[in-house]
Structures are given as C-alpha cells and as structure tokens.
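Please read the points below alongside the sequence and the model.

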Amino acid sequence: MIVVIDGPAGSGKSSTARAVAHELNIQYLDSGALYRAVTYLFLESEQSLPKFFESLYSVQLTFKFDNEFQVTLNGERITEAIRDPMVSEHVSRIAAMTKVREYINALMKKTVQNDLYIADGRDLGTAVFPKAECKFFMIADLEIRAKRRHQELNTNGIKVSYSEVIAEIKRRDKIDSTRDNDPLKQADDAILIDSSAFNFDE
Ligand code: CDP
C-alpha cells in the first residue's frame with residue numbers, strides 16, 4: 001500500500017510525510033532525495049551525459065528511513081550533502097531527463113513492493129503510482145514556502161539569504177511544472193491541501 005503527497009518546493013510535503021510515517025510506524029520514501037543523489041553523482045563525476053547515464057546502473061544508491069531519510073552512494077553517506085545549494089541549483093535540470101526518471105522510477109517501484117509506504121514528490125500520484133490508495137497535493141503561497149525553506153536551511157547551518165531561497169524555489173517550480181517528462185501536477189483524484197495558513201500541527 002502507498003500514500004503519496006505531491007507538491008511544489010516548501011509546501012510541507014516532506015515534513016508531513018515524515019511525521020505520518022513516524023506516527024503510523026510505516027516507511028517513508030523521499031523521491032526528491034533520490035533525484036538529489038543522482039544530481040550529486042553527476043556533479044561529482046564530471047562525466048559526459050552519455051557516460052553518466054551508463055554509469056547510473058553500476059552505482060550503489062541505497063536509502064533507508066531511520067528517523068530521517070538517509071542516503072548512501074557507493075558506501076558514502078550523502079544525506080546532508082544532497083541538501084547543498086549546488087545540488088538544489090542543478091537538480092531540476094537533471095530530474096527532467098528521461099533516462100534519470102526511468103532509473104529513479106524503477107528504483108522506487110521496486111522499493112515499495114513489500115511494505116507500507118508514504119512517499120512525497122512531484123509526479124507520484126500522476127505518473128509513478130497512479131493507483132496509490134490515497135493521494136494528496138500540498139500547496140502554499142510562494143512567500144510562505146520560501147520562509148519555511150529559509151528557516152530550515154539556516155537551522156541546518158546552510159547560510160543562504162531569503163532572496164536567494166525565493167529565487168531558487170521560483171526557478172525550480174517553473175522547470176518542474178513545465179518539463180515534458182511527468183511534470184509537477186495535481187492528480188485528478190488527489191486531495192488538495194493548502195497549508196499556507198496552517199502551523200505544522202494543524
Ligand atoms: O526542495 P524540495 O524538498 O521541495 O525538493 P525535493 O523534494 O528535494 O526535490 C528536488 C527536485 O527533484 C525537485 O525540484 C524536482 O526537480 C525533482 N523531483 C522530481 O522531478 N520528481 C519527484 N518525484 C521528486 C523530485
């Protein structure tokens with residue numbers, strides 16, 4: 001069984017999915033973290049794109065939910081490194097590539113086969129898990145999303161200004177919702193939640 005939450009950057013999907021997973025003692029799958037991991041790999045590898053696509057299938061990308069969503073690449077913990085502003089800057093461009101989406105989608109479909117999951121992303125309810133038992137689409141006003149993300153980054157010791165955060169969110173939202181491959185979109189059968197006026201518990 002899988003529950004999915006899609007939505008734009010900073011709408012509250014990851015925090016909500018994590019909290020629900022804790023509360024119900026089920027697994028959490030952070031699909032954005034996987035796109036970030038592949039982006040990190042690309043930036044580190046300095047390979048041409050065709051070589052990079054080939055190498056994808058020989059890397060060891062592992063992940064588990066243990067209080068937080070932990071990601072390992074070829075044995076190296078990259079849970080924190082994938083939140084670096086450099087990765088955020090490039091992730092939407094890498095995530096728009098068909099070969100990257102095929103790789104991550106196959107990985108996710110295999111992962112969720114044998115357990116109960118809540119997952120968050122952009123296209124889970126529309127493209128990856130169209131038969132998900134329960135679908136949500138979370139939104140919030142741009143300034144509120146940017147404020148939340150700015151606070152989150154600062155709490156984690158990543159120093160970026162509010163104006164940088166808002167510009168990056170705007171840019172990413174645009175690429176994510178206008179790309180040809182499975183863009184960010186609300187599924188017809190998803191429940192819409194606007195979290196703009198809610199605090200986290202609400
Ligand atoms: O920063 P935020 O938590 O909102 O984003 P994320 O969930 O970490 O996802 C990072 C990026 O991965 C997004 O901006 C999308 O470009 C891409 N992504 C995607 O294309 N499809 C998904 N299902 C999840 C993420």
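1. Basis of the note. The model is predicted, so local features need pLDDT of at least 70 and side-chain atom pairs count only at pLDDT 80 or more, while totals for chains, interfaces and linings use all residues. Residues are numbered from 1 along each chain as its sequence is written, and side-chain values use heavy atoms, with hydrogens and water left out.

2. Helices (H or I, at least four residues) and strands (E, at least two) are DSSP runs, numbered from the N terminus.

3. Polar atoms at the ligand. A polar contact is a pair of N or O atoms within 3.5 Å; within protein, one must be able to donate a hydrogen and the other to accept it, and residues adjacent in sequence count only if both atoms are side-chain atoms. An N or O atom in the side chain of arginine 149 is 2.6 Å from an oxygen atom of the ligand. For aspartate 176, a polar side-chain atom lies 2.6 Å from a ligand oxygen atom, and for arginine 101 the corresponding distance to an oxygen atom of the ligand is 2.8 Å. How much of the ligand does the protein bury? Taken alone the ligand exposes 530 Å², and the protein buries 99% of that. Accessible areas come from the Shrake-Rupley method with a 1.4 Å probe; for residues, only the protein chains shown count as cover.

4. Aromatic pairs. Rings of Phe, Tyr and Trp (its six-membered ring) pair if their centres lie within 6.5 Å; planes under 30 degrees apart count as stacked, over 60 as edge-to-face and the rest as tilted. The count by this rule is six aromatic pairs. Phenylalanine 52 and phenylalanine 53 form a tilted pair, because their ring centres are 6.1 Å apart and their planes stand at 45°. The rings of tyrosine 57 and tyrosine 103 have centres 5.1 Å apart and planes at 85°, so this pair is edge-to-face. Tyrosine 57 lies in the loop between helix H3 (49-56) and strand S3 (61-66) and tyrosine 103 in helix H5 (residues 98-111), so the pair ties together parts that are 46 residues apart in sequence. Ring pairs also link Tyr28, Phe63, Phe65 and Phe69 into a cluster.

5. Buried means under 20% relative accessible area, exposed over 50%, and partly exposed in between (1.4 Å probe, protein chains only). Phenylalanine 52 is buried at 0%, and phenylalanine 53 is buried at 18%. Tyrosine 103 is buried at 9%, whereas tyrosine 57 is exposed at 58%.

6. The two sides of H3. Which residues of H3 are buried? They are Phe52, Phe53, Ser55 and Leu56. Seen down the axis of H3, these buried residues fall within an arc of 165°, so they line one face of the helix. The arc is that of the directions from the helix axis to the C-beta atoms. On the other side of H3, Pro50, Lys51 and Glu54 are exposed.

7. Positive phi in two loops. Most residues other than glycine have a negative phi. Asparagine 67 has a positive phi near 70°; this residue is found in the loop between S3 and strand S4 (68-73) and is exposed at 59%. Asparagine 74 has a positive phi of about 45°; its place is in the loop between S4 and strand S5 (76-77), and it is partly exposed at 48%.

8. A buried lysine. Lysine 135 lies in strand S7 (residues 134-139) and counts as buried at 6% relative accessibility. A polar atom of the lysine 135 side chain lies 2.9 Å from the backbone oxygen of glycine 125. The side chain of lysine 135 also makes a polar contact with the side chain of aspartate 189, at 3.0 Å.
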